[in-house]
Amino acid sequence: MIFSLVLFIILFAPILFNKIKVPHIIGLIVAGVIVGPYGLNLLTRDSSIVLFGTVGLLYIMFLAGLEIDLSEFKKNRNKIIVFGLTTFLLPLVVGSLASYYILGYGFLSSVLLASMFSTHTLIAYPIASRYGISKNRAVTLTIGGTMITDILALLILAAIAGMTKGEVTSSFWVQLGGSCIVFVCVVFFLFPPIIRWFFKKFEDSVSQYIFVLAIVFLASFLAEAAGIEAIIGAFFSGLVLNKFVPHSSPLMNRIDFVGNALFIPFFLIGVGMLVDITVLFKGVGALKVAGIIVLVAVLTKYLAAWITEKIFKLSAAEGKMIFGLSTSHAAATLAIILVGYNIIVGETATGEPIRLLNEDVLNGTIILILVSCAISSFVVERASQTLALEEESLDQTLDNPDEKIMISLAYPETVQDLVDMGLILKPRKSSIPVYALHIVSDENTSGSNQVAGKKMMDKAMSHAAASENTLLPLTRYDINVGNAITYTIKEHGITDVLIGLHRQSSQLQFLGPVAGNILQRINETVYIYKPLQPINTLTRIVAAVPPKAELEPGFIHWIGKIYNIAREAALPLVFYANSDTIEAIQTVDQSRKTMIVKTFQTFENWEDFLILSRELKPNDLFLIISSRKGHISYSRELDKLPYYLHQYFNNFSLLMIFPKQLESGINMKDIEQTDGNLIEVIADKIGTVSRAGSFLRRMLRGK
């Protein structure tokens, strides 16, 4: 009955509060107030509620680390430090003065109470995540600031608790520092190889999800064992798992679903069950303390967010987002107050205990939790709407509505890997359709062959659906597989074709007759993929780009696609190319302002292609930009690729890209006579073809 009641609250509270335009998080907290021990007393805050609530809090911090953009996080680390110190020191100083001079508390009590003002809990983070703006720089700044404030506040808590017991010595700090170093080394250096090994060996979705949860709670336990808060361990585990869980994967969808459907709502209801509204009627002392606590906590967090906005020239919506996320107080706040409340520093003449933080502070903190969570939810909801609209308009400008991606399925064992790669080629939130094609040969129309093909297509469809993506199934009957793929590409206007490398690949027939046939007859972008391990277990992308690749018509397009692969899989990019090509890629970077980690290595002589075998590591994706014969970037060295790849690169995951070509190519004289940028020349050529196509379409419609 208890579990049933909680589930009905989780179901109906958001529905009812959304009707009156109130964030669903407030609905869950208010529902907790109503059914809790200080409301109708339908539920007691027993060990089961506490357990699920703790899991929910750890889950929030885990998701924050998992969804954060690591490249953005590293890029903004200085800003994160500035904001973290600002949002910690400002409440600490103002709170200490207010507690000492206005409320009349002692020095230790004032500092401990003020440290509670400095912390914040990412209560409203699920709202930002739901709007799809978890990678926004304002969200990144606040998440990083949360780590700084919580660590510093908990260090103050440990110091003050030790001082009241006379245990703070140099050995105390040495032990704490040593245990923290061991914890960080275990999480960031021991966990990754274990995680990579597991994902390579086990593809079962249930096993992977259970493994992820086990890692999260193990890291949380290790953090507590090291003497710091468990939420730090959960956040660090999210950072470690970030590159192993692609954001458009079935595993990520399961993590989001379970957390937002069960664990996080349990935590919010548990927070509501702590709130005792009757403290407002227990005398002027409680009201005065509650008023000072709420005013100082909210005002100082607002000032810290405003200062950060002005220093780093953020938009008004980003400033509001920082304030909204950082103003809510719950977990760490309550932990600090309860520790202070339980520390007894003496006794009165009547034998009553004198606590470091009295009951008025405890009651005032409960009111702060309710008020700050309400403010946080409303502010984050409105800021999220604004930022989501801005990002959506930006995405629409980058999205090409004419793009269509097709995955050719041939072998059951490579279905998941091909589907994962095909979906990553599509930008997140994009409406670009992705097709899955299976060819049934007219020479083998047996029932078993058709059943096997149907099972393979069903597997592809269900795998895509698990990540909330849709595949459009295509089945074609033809005696010639190459012809079937070619005609399907032409009939559906496919722009990007993903093909798996065939099983009997050899140095003489490396690509195989099907791929060779398609490359001769189709001018669109073709990807040939050989996955030796899941894409989420890779560590980086090493891209070899031939000379003059920047002159090909498909240059801009394939750059965008590999950037999308790197962004979605959270992989750094290493380019090996000549100086002209590197300059052209960097020009594209300036126009797109990508946040991907990239390095460039000058590689001039493709006759020494084997040099790259020494640069590759076991978990690299080797990406080669090739070219069809007779086009600008084609050279005789490319004829040797099958031999090299078969002999020396057979143990690496491989992705070969054959860029889009125009029927007649680009006239090199046009480029030589142009003083402008090469990219502009290419864009002009492609634009001319596009305009001609649009003109013909209008003529046909007119007919």
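Strand E8 has side chains pointing both ways: Arg540, Val542 and Ala544 go one way, Ile541 and Ala543 go the other, and all of them are buried. This is a predicted model, by the way. E8 covers residues 540-544, and with five of its five residues buried it counts as mostly covered.

**E8 and its partners**
- On one pairing, E8 runs parallel to strand E11 (residues 620-625), with five bridges between them.
- Arg540 has Asp620 as its bridge partner in E11.
- E8 is also joined to strand E9 (residues 573-577), again in parallel, by four bridges.
- Across that pairing, Phe575 of E9 is what Ala543 stands opposite.

**A closer look at Asp496**
- You'll find Asp496 in strand E6, which spans residues 496-500.
- Is Asp496 buried or exposed? Its relative accessibility is 0%, and buried means under 20%, so Asp496 counts as buried.
- Leaving out residues up to four places away in sequence, Asp496 touches Glu403, Lys404, Ile405, Met406, Thr525, Tyr527, His557 and Lys561.
- With one of those, His557, Asp496 makes a side-chain polar contact of 2.7 Å.
- Gly422 is 74 residues from Asp496 in sequence, yet their C-alpha atoms are 9.2 Å apart in space.

**Nonpolar cores**
- Nonpolar side chains tend to be buried together in soluble globular proteins.
- Here the largest nonpolar core has 133 residues, and the ones with the most contacts inside it are Leu113, Ile195, Leu241, Ile255 and Met321.
- Take Ile195: setting aside neighbours within four places in sequence, Ile195 is in contact with Phe211, Ile215, Val240, Leu241 and Phe244.
- There's a second, separate core too, with 49 residues, including Leu418, Ile424, Val434 and Leu571.

**The whole chain**
- The protein chain has 703 residues, and 54% of them are buried.
- Its secondary structure comes to 26 helices and 12 strands.
- If you take contacts between residues at least 6 apart in sequence, 81% of them join residues at least 24 apart.
- The accessible surface of the chain is about 31100 Å², with 60% of that belonging to carbon and sulfur atoms.

Technical notes:
Residues are numbered from 1 along each chain as its sequence is written. This is a predicted model: local features need pLDDT of at least 70, side-chain atom pairs count only at pLDDT 80 or more; totals for chains, interfaces and linings use all residues. Side-chain values use heavy atoms; hydrogens and water are left out. A nonpolar core is a set of buried Ala, Val, Leu, Ile, Met, Phe, Trp, Tyr and Cys residues joined through side-chain atoms within 4.5 Å. Buried means under 20% relative accessible area, exposed over 50%, partly exposed in between (1.4 Å probe, protein chains only). Contact means heavy atoms within 4.5 Å. Helices (H or I, at least four residues) and strands (E, at least two) are DSSP runs, numbered from the N terminus. Two strands pair if DSSP finds at least two bridges between them. A polar contact is a pair of N or O atoms within 3.5 Å; within protein, one must be able to donate a hydrogen and the other to accept it, and residues adjacent in sequence count only if both atoms are side-chain atoms. Accessible areas come from the Shrake-Rupley method with a 1.4 Å probe; for residues, only the protein chains shown count as cover.
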